[in-house]
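Work through the exercises below with the coordinates open. Each one gives a task and then a solution in steps.

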Amino acid sequence: MSDETDKSEPRTTTIDAATSRRRMLQLGVLGASAVVTIRPALAQTAASVMNCQIPIPDQTHAGQYIAQNGSTVPAGTAGAVPPPPRPVTGEEAKLILQGGTPAGFDPNSTQAYQSYIRRLQQGVSGFTCYASIQMPRP
Amino acid sequence: MPCESLTLIYHRPSGITHVVAPPVPALLEALDQPMTARDLAARLGFDDAEAVALLNERLAELVEAGLVRRA
Amino acid sequence: MSVMQLVEALRDPATTAALDRAGWTALLSVARAEALAGTLAERVAGRPVPREVGEAMADTRKAAREAQRAALWEVEMMRRALAPLKLPVVLLKGSGYALAGLSPACGRQIGDLDILVPRHTLDAVEAALRDAGWEWVKQNDYDDGYYRQWMHELPPLIHRSRDRMIDVHHTILPPTARPTPDAAGLFAEAVGVGEGLAILSPEDRVVHAVAHLFADGDLAGGLRNLWDIDRLLREAADKPGFWGRLGARAQRHQLAKELARALRLAAQLYGTPVDPLLAGPPHWGDRLYIRRLLARDDWGRATRRLTRFGFYVRSHWLRMPPLMLARHLWTKLRRR
Amino acid sequence: MTQAWQLAIGPVGFRLGSAWGRPMTQLRQLYDGYPSPSFADYTARIEPARPWRRWLRPSLAITGDYMIPEALPMALGHGLLALEMAMNLQMALGHRRHLLIHAATVERDGRALVMTGASGSGKSTLAAMLGERGWRLMGDEFALLDLDTGSIHPFPRAVSLKNQSIAVMERVAPADRFGPLLLNTPKGSIRHLRPRADAIVGMRAPATPALLLFPRFGAPTDVRPVGAAEVFVRLTQASTNYVALGEPGFDALSRFALTVPAKAIDYPDTEAAIERVERLWAELS
């Protein structure tokens with residue numbers, strides 16, 4: 001394998017002290033992930049100016065129960081819990097992700113809902129909302 | 001927490017900003033021409049297998065970020 | 001009617017001289033709704049406009065250029081990921097226009113990256129993209145099965161750190177659509193643009209834009225797609241033998257009727273120079289298409305609900321046999 | 001469109017549309033004294049979430065030139081808030097003339113104090129309070145960083161006061177500058193406060209950023225310096241258009257991060273915060 005740097009020269013701004021080659025030779029430095037790519041913060045800010053909701057489960061699985069691991073299973077499956085009476089709002093989802101129980105929800109169900117929200121994927125309804133609330137905030 | 005030495009990179013072809021920590025600036029500096037990973041390790045004075053393996057991990061990160069290209 | 005104002009502004013930017021500031025406000029809203037704001041801004045560049053309008057247009061141009069840079073970077077990252085496979089990779093639509101510097105690219109909004117690869121290489125392409133950080137945009141089981149069984153593309157992939165989608169096609173219409181384009185022919189005629197990438201031939205580009213105009217969605221984004229066709233035709237019209245080859249390619253891809261319709265619509269709305277023989281005589285249905293294409297008010301709101309729904313059903317009619325269409329509409333309906 | 005109005009906020013013009021009369025009337029009262037431009041950069045609308053929702057159990061959708069899916073429909077009684085959110089949405093998704101930072105800003109002597117933080121950090125209340133005490137309020141939602149000059153442009157929307165801060169501000173600002181009290185909104189109780197006349201008159205006058213604060217409400221008073229790299233990263237995440245702007249955005253933001261001193265400040269109540277802010281400001285010069 002051979003590598004080459006990209007031909008076009010990137011602009012760099014070094015902040016604080018410059019790196020010394022000696023320092024980078026330390027394995028500890030080499031061992032840690034060293035690149036953070038700045039990603040759009042749009043979803044997060046959109047969420048703060050909008051409010052969004054997450055239906056549990058999404059409409060295609062309407063009526064199904066939520067298993068403890070967050071998957072959707074036929075209604076009545078042992079160990080699974082019925083869906084909440086209404087979609088959870090972004091604020092409620094945040095609370096659930098922190099282990100809390102929003103008002104009007106059954107505390108015994110929130111673990112399953114938490115798993116469901118964590119498993120949301122792009123394209124499933126509620127994903128944009130989820131993505132916007134799970135992003136780290138400044 | 002004091003802010004350790006970090007470098008901001010604006011990568012023109014992609015329009016993407018990366019914040020990189022050591023050893024990335026030195027790696028990019030050393031990669032001034034196409035070379036093999038082994039050459040790079042030698043240039044940086046790495047000889048043991050563990051260091052070379054870690055170096056490859058960092059290179060893989062840079063490849064995914066698009067800052068380094070596999071030829 | 002403001003959509004017509006947009007059509008006229010694109011066709012002849014001098015028509016904007018008559019607009020007051022309120023007129024520009026409406027024009028900009030409509031252009032945004034039709035994904036043509038960048039195109040409009042490039043068309044009116046350099047014209048005398050009110051100061052605030054000029055600022056908004058300059059912002060829009062800059063935004064479009066920055067977005068194209070990101071789209072081209074996506075092309076480059078795809079190229080790096082697929083280079084080891086040594087495949088013919090054809091760029092479709094916006095990214096293709098932008099990379100080849102074709103006139104539809106000017107100010108154009110570019111969405112997902114669309115590429116065309118030979119059908120038998122789909123698995124290898126999928127594996128290479130996933131190695132390079134693209135992941136499934138996981139839909140539900142019905143959608144996934146639908147794509148794999150019936151569509152002309154892989155289910156969409158999204159890059160995990162750049163959040164950009166790629167659509168990998170093996171032909172330009174789903175296998176279920178009644179016209180069956182000649183996929184092998186698309187590759188045979190494709191034009192290289194360097195570094196292992198290619199774009200469709202000038203004639204196939206038009207045919208693909210036509211397929212895209214009529215088969216994708218309910219004619220949503222129709223004005224933009226028709227604008228692509230206008231630009232492509234103007235760029236190629238003077239080349240000797242172009243219209244003859246275009247007719248032949250449309251026949252070959254079983255899209256001659258659709259091409260004729262698109263030529264008539266483009267000529268009527270954008271004044272596109274077209275070959276009268278290929279375009280054929282006016283058809284009563286053209287008026288319905290025009291009606292649908294112009295279904296928007298000067299607040300940018302969609303209007304003419306019924307016409308729109310008719311075209312939605314029709315677009316699927318073109319893509320799937322009746323029974324499958326019924327099943328598809330049923331599933332979509334239940335999901336609402 | 002049943003109700004239409006145009007409104008200028010700082011350097012940005014909005015065309016607003018509503019399918020109902022009342023929210024627009026409330027908005028026009030709230031923004032009394034603001035200019036009404038003839039060209040609008042963005043169109044923002046509220047309309048029935050479904051056609052029959054105009055009359056039958058009305059619920060409204062927030063939309064405009066730019067929109068996002070999965071927005072929760074809102075109650076007609078919260079129409080004023082919905083119009084405000086529709087304007088925010090256009091800025092967050094569409095604005096490219098400036099680097100948009102989610103921050104509250106106040107100005108004194110031509111220099112700007114920028115406060116950024118998540119909602120709940122208290123930046124709105126702090127800015128509103130400073131705006132009543134000799135500072136010019138430049139905005140409580142977005143700071144517009146000029147890509148060429150590095151100065152901050154005002155975006156003096158009505159301040160959106162939430163929950164406890166409503167009563168705090170009712171004690172210091174006259175009643176005629178307040179909008180209606182909106183109860184049970186998705187963000188709790190909300191009441192809007194029109195900035196003082198000096199903020200409206202000065203809404204085209206930019207200021208040079210002099211201090212950046214990351215306030216946090218509800219902790220014992222503490223002040224820590226924040227390094228440039230951290231400032232940079234946090235501001236990229238507080239910006240809606242940093243990535244979309246490309247190199248000019250990088251240049252403007254790195255210049256801001258390298259030149260503007262930054263502090264994280266924890267505070268137990270608004271009075272303590274103001275006292276600390278004034279002291280930090282005095283130490284600058």
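## Exercise 1: the interface of chains B and D

Task: Describe the interface between chain B and chain D by its contacts, its buried area and its polar pairs.

Solution.

Step 1. Contacts come first. In this predicted model, 11 residues of chain D are in contact with nine residues of chain B.

Step 2. Next comes the area. About 760 Å² is buried between chain B and chain D, and 73% of this lies on carbon and sulfur atoms.

Step 3. Now search for charged pairs. One salt bridge is counted between chain B and chain D. Its partners are the side chains of R12(B) and E247(D), with an N to O distance of 2.9 Å. This pair qualifies because the cut-off for a salt bridge is 4 Å.

Step 4. Count polar contacts. Three residue pairs, both at pLDDT 80 or more, are in polar contact across the interface of chain B and chain D.

Step 5. Assign the chain B side to elements. Strand 1 (6-11) and strand 2 (16-20) of chain B each give two or more residues to the side that touches chain D. The largest share, four residues, comes from strand 1 of chain B.

Step 6. Sort that side by class. The residues of chain B that touch chain D comprise six nonpolar, two polar and one charged.

## Exercise 2: helix 9 against helix 12 in chain C

Task: Classify the crossing of helix 9 and helix 12 of chain C, and list the residues that meet.

Solution.

Step 1. The axes of helix 9 (residues 202-215) and helix 12 (residues 256-270) of chain C come within 9 Å, crossing at roughly 85°.

Step 2. Angles of 65 to 115 degrees count as roughly perpendicular, so helix 9 and helix 12 of chain C are roughly perpendicular to each other.

Step 3. From helix 9 of chain C, the residues in contact are V206(C), V210(C), L213(C) and F214(C). They meet E258(C), L259(C), R261(C), A262(C) and L265(C) in helix 12 of chain C.

Step 4. By class, this contact between helix 9 and helix 12 of chain C has seven nonpolar, two charged and no polar residues.

## Exercise 3: helix 11 against helix 12 in chain C

Task: Is helix 11 of chain C parallel or oblique to helix 12 of chain C, and which residues meet?

Solution.

Step 1. The axes of helix 11 (residues 242-252) and helix 12 of chain C come within 7 Å and cross at roughly 135°.

Step 2. This angle makes helix 11 of chain C oblique to helix 12 of chain C.

Step 3. W243(C), L246(C), A250(C) and Q251(C) of helix 11 meet A256(C), L259(C) and L263(C) of helix 12.

Step 4. The classes in this contact of helix 11 with helix 12 of chain C are six nonpolar, one polar and no charged residues.

Note on methods:
Residues numbered from 1 in each chain as written. Chains lettered and ligands numbered in written order. Predicted model: local features only at pLDDT ≥ 70, side-chain atom pairs only at ≥ 80, totals over all residues. Heavy atoms only, no water. Axes fitted to C-alpha atoms, helices over the stretch in contact; angles between N-to-C directions. Parallel < 35°, antiparallel > 145°, perpendicular 65-115°, else oblique. Contact = heavy atoms within 4.5 Å. Nonpolar A, V, L, I, M, F, W, Y, C, P; charged D, E, K, R; others polar. Buried area = accessible area lost by both parts, 1.4 Å probe. Polar contact = N/O pair within 3.5 Å; in protein donor to acceptor, adjacent residues only side chain to side chain.
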